[in-house]
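Me: I have just opened this entry and would like a guided look. Could you take me through it?

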Amino acid sequence: MKLEVDLVRQLLLHIEEHATRPISDLDSIKIDGWTKDQIDYHVVLLADAVFIEAGLHRVPDNEDPSLVRVIYSVRRLTYNGHEFLETVRDPAIWRKVKEKAKAVGAMTLPAIAQIGAAYVKAQLGLG
């Protein structure tokens, strides 16, 4: 499955808004325009990247036991997740960061975070 950076941003925004307790329990996240499989996959990726804290359980699919499904419970954004989100929160900055990342062929989360941080620093006259 392909890394969808727009979904990453939307998930982080969703989790920030809905994880309202120090340790929350978000499951079955739904975001318009994305399938359950895409969302599940990106929740796993965000946990791998330590952008979120989540409990992940792999279980056999009811209809096809040879397939594995992920059941998750998102507890919170981590500091890394908050930091990444702050660099791409503004839609205008997000568009510019994506354009720059595409231009250099670096559509990875670390590259996008670095481009976003560099853009913000430049806007503040620090870079």
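Predicted model: local features only at pLDDT ≥ 70, side-chain atom pairs only at ≥ 80, totals over all residues.

Me: Good. How many helices and strands does the chain have?
Reply: The chain has five helices and two strands. Along the sequence they follow the pattern α-α-β-β-α-α-α.

Me: And what are the dimensions of the box that the C-alpha atoms fill?
Reply: Taken along the principal axes, the box is roughly 55 × 35 × 25 Å.

Me: What share of the residues is buried?
Reply: Of the 127 residues in the chain, 38% are buried.

Me: Let us go to helix H3. Which of its residues are buried?
Reply: H3 spans residues 79–88, and its buried residues are Gly81, Phe84, Leu85, Thr87 and Val88. Viewed down the helix axis, these residues fall within an arc of 160 degrees, so they line one face of H3.

Me: What covers the buried residues of H3?
Reply: The cover includes helix H1 (5–18), strand E2 (68–77), helix H4 (91–104) and helix H5 (109–123).

Me: Take H1, then. At what angle do H1 and H3 pack?
Reply: The angle is about 115 degrees, and the axes of the two helices are 10 Å apart. H1 and H3 are therefore roughly perpendicular to each other. Their crossing is left-handed.

Me: Which residues meet there, between H1 and H3?
Reply: From H1 come Val8, Arg9, Leu12, Leu13 and Glu16, and from H3 come Gly81, His82, Phe84, Leu85, Glu86 and Val88. By class, this contact of H1 with H3 has six nonpolar, two polar and three charged residues. Gly81, Phe84, Leu85 and Val88 are also among the buried residues of H3.

Me: Now H4 and H5. How do their axes cross?
Reply: The axes of H4 and H5 come within 9 Å and cross at roughly 125 degrees. The two helices are therefore oblique to each other. The crossing of H4 and H5 is right-handed.

Me: Which side chains or backbones meet, by residue, in H4 and H5?
Reply: In H4 the residues are Ile93, Trp94, Lys96, Val97, Lys100, Ala101 and Val104, and in H5 they are Ile112, Ile115, Gly116 and Tyr119. The contact of H4 with H5 divides into eight nonpolar, one polar and two charged residues.

Me: Changing topic: where is glutamine 38?
Reply: Glutamine 38 is in helix H2, which covers residues 36–48.

Me: Buried or exposed, that glutamine 38?
Reply: Glutamine 38 counts as buried, because its relative accessibility is 19% and the cut-off for buried is under 20%. Apart from neighbours within four places in sequence, glutamine 38 is in contact with Met1, Leu7 and Gly33.

Me: One last topic, the backbone. What is the phi of serine 28?
Reply: Phi of serine 28 is near 55 degrees, a positive value in a residue other than glycine. Serine 28 lies in the loop between H1 and H2. In general, most residues other than glycine have a negative phi.

Me: And valine 50, where does it lie?
Reply: Valine 50 lies in the loop between H2 and strand E1 (52–60). Valine 50 has a positive phi of about 60 degrees, although it is not a glycine. At 42% relative accessibility, valine 50 counts as partly exposed.

Note on methods. Residues numbered from 1 in each chain as written. Heavy atoms only, no water. Buried < 20%, exposed > 50% of the residue type's maximum accessible area, 1.4 Å probe, protein only. Helix = DSSP H or I, 4+ residues; strand = E, 2+ residues; numbered from the N terminus. Arc of directions from axis to C-beta. Contact = heavy atoms within 4.5 Å. Axes fitted to C-alpha atoms, helices over the stretch in contact; angles between N-to-C directions. Parallel < 35°, antiparallel > 145°, perpendicular 65-115°, else oblique. Left-handed = near helix turned anticlockwise from the far one by under 90°. Nonpolar A, V, L, I, M, F, W, Y, C, P; charged D, E, K, R; others polar.
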